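Good morning, and thank you for coming. I would like to take you through one structure, beginning with a pair of helices and ending with the chains as a whole.

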Amino acid sequence: MIEFFILFSVILDSTGCFLCHSEIRAKYKLSIHYSESVSCSGCHGGNETVLDVKKAHLRDFRGRFTKRDIIEICSKCHSLAEKMAPYGIPFNQKELYMMSTHGKLLFKNKNVPVCSDCHGYHEIYKTQDKMSPVNKTKVSYLCGNCHKTQLENYTKSIHYALVKEGKKNSPTCVDCHGSHGAYPPGYRDIDKICGKCHEEARENFLESPHYRAFLEMGFKECETCHDNHKVEKVNINLWDDKCSSCHSQKEKGFKVKEEIKSLLIETENSYKFAWKWVSKIEKIPLETKDLAERLKEAKEGIINEKGILHTLNVEKIKEIINQYKGVYDDVAHEAINKYKLFQTRYLLIPALWFLIIVTIFVIQEYRKRISKS
Amino acid sequence: MSFWEKVVNFFEKRISLNELLSFITSLGIFYTPICHNKPVKEAIKDAMETPSPSYARWPYILGILTFILFIFQIVTGLLLLFYYIPSKEGAYVSTVSIIRDKPFGFFIFNIHHWSAILLLSVIISRLIRFAYHKVFSPPREIFWIIAYFLFLFIAFAYVTGSVLPMDAEAGWVSYRLFEIIYPIPIVGKLYKVFLGAGNLNDTFILRSYVFHVVIIPLIIFFLFYVHFLSVRKVGLSFGKYEGKSVFPGYFFEILFIIFITFAVLFTLAGIFPREIFAPFLEYKNYTGFNVPFVFLFFDFLRTNLSIFIYSILGFLLLLIPIFLPWIDKTPPIPLIKKPFTFVIYSLFFLVILFISIMEYIR
């Protein structure tokens with residue numbers, strides 16, 4: 001009877017290893033390697049088709065691996081184009097890793113991560129799987145296991161907030177630093193990395209007087225104003241905090257900043273004013289779909305165009321920002337008009353009271369006549 | 001013989017018009033009995049000439065106001081019924097469409113809203129007045145019990161109605177009400193059986209809708225009817241009839257009350273309309289809303305007591321008033337002349353009022 005169960009479980013799992021190593025079974029069955037038929041012996045060697053413990057652990061069996069071994073074992077398959085190409089997985093991961101800062105430190109530092117430190121070993125999931133530690137939503141915590149300060153700063157950033165909201169374009173550690181070939185960028189490379197997404201901002205920055213000044217003074221490009229890991233959502237205070245740290249009040253730069261800042265505040269106020277009126281009439285409710293859409297479009301437009309601020313050209317900025325401010329003002333004007341039109345309904349109230357008082361008076365007279373008769 | 005007399009004669013020979021008239025007037029219009037043996041014309045004449053007390057003064061107006069406000073609810077509710085769609089997607093869209101696009105939809109919706117608030121306030125005031133004037137003394141126990149059940153069913157109508165617009169406030173309120181009502185034994189289980197486990201799905205809205213527009217109004221009409229049957233048997237609690245007949249005195253007074261109530265409701269609806277918020281999203285955190293005012297006290301108990309004590313206390317608070325006529329058997333004199341009972345009653349009502357106000361402000 002026992003033999004029957006053993007045989008049955010072996011047939012079910014197509015390996016005899018789990019008869020003893022049952023604690024690994026559940027983890028392994030969730031992994032991508034299980035569903036793609038990578039067996040235990042694929043990594044550990046040995047013979048998994050026999051039920052005898054000694055025979056199973058003969059041949060080239062290895063139970064535990066060193067860090068170096070892990071790279072070799074994984075790359076046995078992951079460096080082969082014919083095995084990786086069908087899955088669309090790059091097969092140069094080992095080369096990239098060896099060139100990366102992690103790879104260079106492999107023999108010098110015990111804490112340096114290898115494949116299994118990030119991807120796991122028995123329970124390896126697809127990168128897109130939310131259970132995977134290298135999934136977009138989790139990878140920053142994975143890196144943060146060692147790079148704690150960077151993680152702390154990153155979790156305060158707008159990039160992190162957007163990843164949490166589910167925005168796929170928002171960057172995590174690997175989007176800027178790379179994954180297998182991870183390296184810290186040089187200070188002249190920052191504009192290129194940020195420019196991958198903020199293309200317009202980069203182009204405008206390269207045109208601006210700041211670019212040359214930064215080069216001469218050895219400032220880090222985007223990082224000087226926006227920080228690196230702790231990239232906060234841009235707000236109006238940034239102009240005061242960052243500009244004032246270099247420009248004194250008498251300088252031309254300071255005056256330019258004041259002009260741009262007041263323009264931005266004015267625009268933001270127009271937006272808030274318009275939105276206040278739209279949400280006010282929405283609660284009545286009046287038709288606001290068109291107005292809300294126009295506001296939303298203008299707001300998105302202005303966010304997309306905010307790259308123009310990096311030119312620091314006041315005339316150019318004014319021209320573009322005023323287009324959107326005009327939309328805000330128009331929307332506010334229309335919303336106020338709609339509300340005023342709605343308010344005319346209030347005239348019905350005194351009219352009704354007048355009508356009712358007159359009616360009561362007439363009925364009262366009629367009642368008196370009836371009573372007399 | 002005029003045309004109308006001919007019509008009346010035709011029907012009188014074929015159906016019992018007196019009984020029909022008696023039934024209709026028993027739904028809350030006037031309490032005077034209609035004689036079943038006389039011809040209908042004479043029976044009406046007799047009824048009209050019967051002396052009737054003046055309702056148009058405090059606090060006797062509360063009873064007739066309950067009926068008038070209820071009729072306003074029926075009329076405006078019927079108008080809303082034509083365009084309302086009881087489904088998760090349709091509810092919000094149709095509510096907005098009624099208010100915004102349909103002729104006088106704004107006023108009809110908001111009169112319905114304000115009339116509900118006033119109806120609930122009036123029925124609560126009426127209960128308090130019944131308690132202070134000891135209207136529940138024998139043989140008028142039925143008056144009190146019916147008034148109390150009217151209060152419960154009107155509150156239930158308020159609950160089911162507040163869910164129907166399906167905007168953020170309605171969704172939030174429906175979840176909170178489930179939390180308040182569910183722990184109370186029997187009532188909570190009934191609520192769950194009939195309205196579901198607080199999930200805002202299509203069937204929940206449909207069930208609330210059926211309760212709000214069919215079942216509860218029928219029950220309320222039935223309660224009015226039974227109340228009038230009782231009044232016709234044992235007479236009104238205030239016996240000082242001023243010699244005015246039902247017509248023209250009583251009728252015109254009621255007409256004036258209807259006009260003024262309508263004007264007040266119209267004004268409230270115009271100046272303080274119910275705000276319509278964005279559609280309800282289940283996984284969003286909402287703040288700044290309050291539960292309906294009758295539940296503020298229960299909400300306070302729920303948040304400050306353990307769930308076990310709350311369930312027992314809540315159940316007793318709902319149950320004990322039904323048996324008040326048998327608990328308080330003191331002679332039927334106004335409470336103001338009995339300081340001890342007066343203080344106890346006043347403390348009870350004041351504590352509830354104070355806690356409700358504090359909860360509302362918080």
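**Two helices, two chains**

In chain B, helices α4 and α6 are roughly antiparallel to each other, because the angle between them exceeds the 145 degrees above which that term applies. Please keep in mind throughout that this is a predicted model.

Helix α4 of chain B covers residues 61-81, and helix α6 of chain B covers residues 105-132. The two pack at an angle of about 155°, and their axes lie 9 Å apart. Is the crossing of α4(B) and α6(B) left-handed or right-handed? The crossing is left-handed. As for the residues that make up the contact of α4(B) with α6(B), 15 are nonpolar, eight are polar and two are charged.

I now turn to the domains of chain B. This chain is divided into domain 1, residues 3-49, and domain 2, residues 61-361. Taken over C-alpha atoms, the centres of these two domains of chain B are separated by 33 Å.

Next comes the contact between the chains. Chain A contributes 18 residues to this contact, and chain B contributes 17. On the side of chain A that touches chain B, there are twelve nonpolar, two polar and four charged residues.

Finally, let us consider chain A by itself. Chain A has 23 helices and zero strands. Its radius of gyration is 34 Å, whereas the globule rule gives 21 Å for 373 residues; the value for chain A is well over that figure, so chain A is more spread out than a compact globule. Along its principal axes, the C-alpha trace of chain A spans about 120 × 80 × 35 Å.

Chain A is divided into four parts: domain 1 (2-126), domain 2 (127-181), domain 3 (189-232) and domain 4 (235-343). Where do the centres of domain 2 and domain 4 of chain A lie relative to each other? Taken over C-alpha atoms, 32 Å separate them.

Terms used:
Residues are numbered from 1 along each chain as its sequence is written. Chains are lettered from A and ligands numbered from 1 in the order in which they are written. This is a predicted model: local features need pLDDT of at least 70, side-chain atom pairs count only at pLDDT 80 or more; totals for chains, interfaces and linings use all residues. Axes are lines fitted to C-alpha atoms, for helices over the stretch in contact, and angles run from 0 to 180 degrees between N-to-C directions. Helices (H or I, at least four residues) and strands (E, at least two) are DSSP runs, numbered from the N terminus. Angles under 35 degrees count as roughly parallel, over 145 as roughly antiparallel, 65 to 115 as roughly perpendicular and the rest as oblique. A crossing is left-handed if the near helix is turned anticlockwise from the far one by less than a right angle, and right-handed if clockwise. Ala, Val, Leu, Ile, Met, Phe, Trp, Tyr, Cys and Pro count as nonpolar, Asp, Glu, Lys and Arg as charged, and the others, Gly among them, as polar. Domain bounds come from an automatic or database domain assignment. Two residues are in contact if their C-beta atoms, placed from the backbone, lie within 7 Å. The radius of gyration is taken over C-alpha atoms; the globule rule is 2.2 Å times the number of residues to the power 0.38.
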